[in-house]
Amino acid sequence: MLEQPEKKPYRVFSLWLRIFHWTMVLCVTFLFWTGLYIGDPGFSMFVGKEPAEAINSWFSMEMIRRVHFGFAFILIFAFIFRIYGAIRYRGDRLLPKFRKRLYWDGLKQTTLHYLMLPRQEEHRVLRNSLARTSYLIVYIMMFFEICTGLAMYSQIRPESWLAIVFNPINLLFNEYQIHII
Ligand code: HEM
């Protein structure tokens, strides 16, 4: 009987990555829902509330905004720690490798595959090129979300250092545009 080669356990993603990945999932889920509520409570299931409930109740605008800001700050820290992890641990870098031919070939082959068209070759990689590209796009969007969020948030105290740092965004666009972005 042929002897089986010894299988060594291989850690695909670090614990660090997993912790901050799931922290961000949780934050984005809450931020999405509370953000919809802030934009228009009609988007959430709580419709037809009396104006008296605008403050001081569980599903009031005041409370939902607090929850939004709480998760916003957790997201900001998780985002920073996740980027630190990518710098620290080589295996946690899941960004596209634009300078490698494998990336461009993979992008073409995976796109063909997703379009249900025949592909020429199969790429066996940890994360395919399209997935890596989408991670980068998600991170860029989160960066913009954080900057515009902090620009709006800093207006609570226009004399604070946060406002000094993020106010240029408010000057670049008008308040309405920032809410839309
Ligand atoms: C995935 C992340 C996030 C999502 C999906 C999200 C979504 C939203 C949405 C849909 C709104 C309502 C916009 C409007 O119509 O007025 C909003 C408002 C707001 N968000 Fe976020 N947000 C996110 C992250 C953040 C972060 C990181 C901050 C930073 C502090 C932040 C701060 C704010 C502020 C200050 C407002 C305006 C509150 C108000 O007008 O009363 N958000 N957000």
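Two aromatic rings of Phe, Tyr or Trp count as a pair if their centres lie within 6.5 Å. By this criterion, the structure, which is a predicted model, holds 14 aromatic pairs. One of them is formed by Phe73 and Tyr153, with 5.2 Å from centre to centre and 70° between the planes. Planes over 60 degrees apart count as edge-to-face, so this is the label that the pair of Phe73 and Tyr153 receives. Phe73 belongs to helix α2 and Tyr153 to helix α4, so the pair ties together parts that lie 80 residues apart in sequence.

The ligand is found in the largest pocket. Three elements, α1 (15-39), α2 (61-88) and α4 (129-153), each give two or more residues to the shell around the ligand. Helix α1 provides the largest share of this shell, with seven residues. Domain 1 (12-93) and domain 2 (94-181) both contribute residues to the shell, so the ligand lies between the two domains.

What kinds of residues make up the shell around the ligand, by the division into nonpolar, polar and charged? The shell contains 11 nonpolar residues, five polar ones and two charged ones. Of the 18 residues around the ligand, those that come nearest are Gly35, Arg65, His68, Phe69 and His179.

Polar atoms of the ligand can be followed to particular side chains. In the side chain of Arg65, an N or O atom is 2.5 Å from an oxygen atom of the ligand. For His179, a polar side-chain atom lies 2.5 Å from an oxygen atom of the ligand.

Key: Residues numbered from 1 in each chain as written. Heavy atoms only, no water. Near = heavy atom within 4 Å. Polar contact = N/O pair within 3.5 Å; in protein donor to acceptor, adjacent residues only side chain to side chain. 1 Å grid on protein atoms, 1.4 Å probe; cavity = no way out; pocket = protein on both sides within 12 Å on 5 of 7 lines; lining within 4 Å. Sits in = over half its atoms within 2 Å of the grid points. Helix = DSSP H or I, 4+ residues; strand = E, 2+ residues; numbered from the N terminus. Nonpolar A, V, L, I, M, F, W, Y, C, P; charged D, E, K, R; others polar. Domains from an automatic or database assignment. Phe/Tyr/Trp six-rings, centres within 6.5 Å; stacked < 30°, edge-to-face > 60°.
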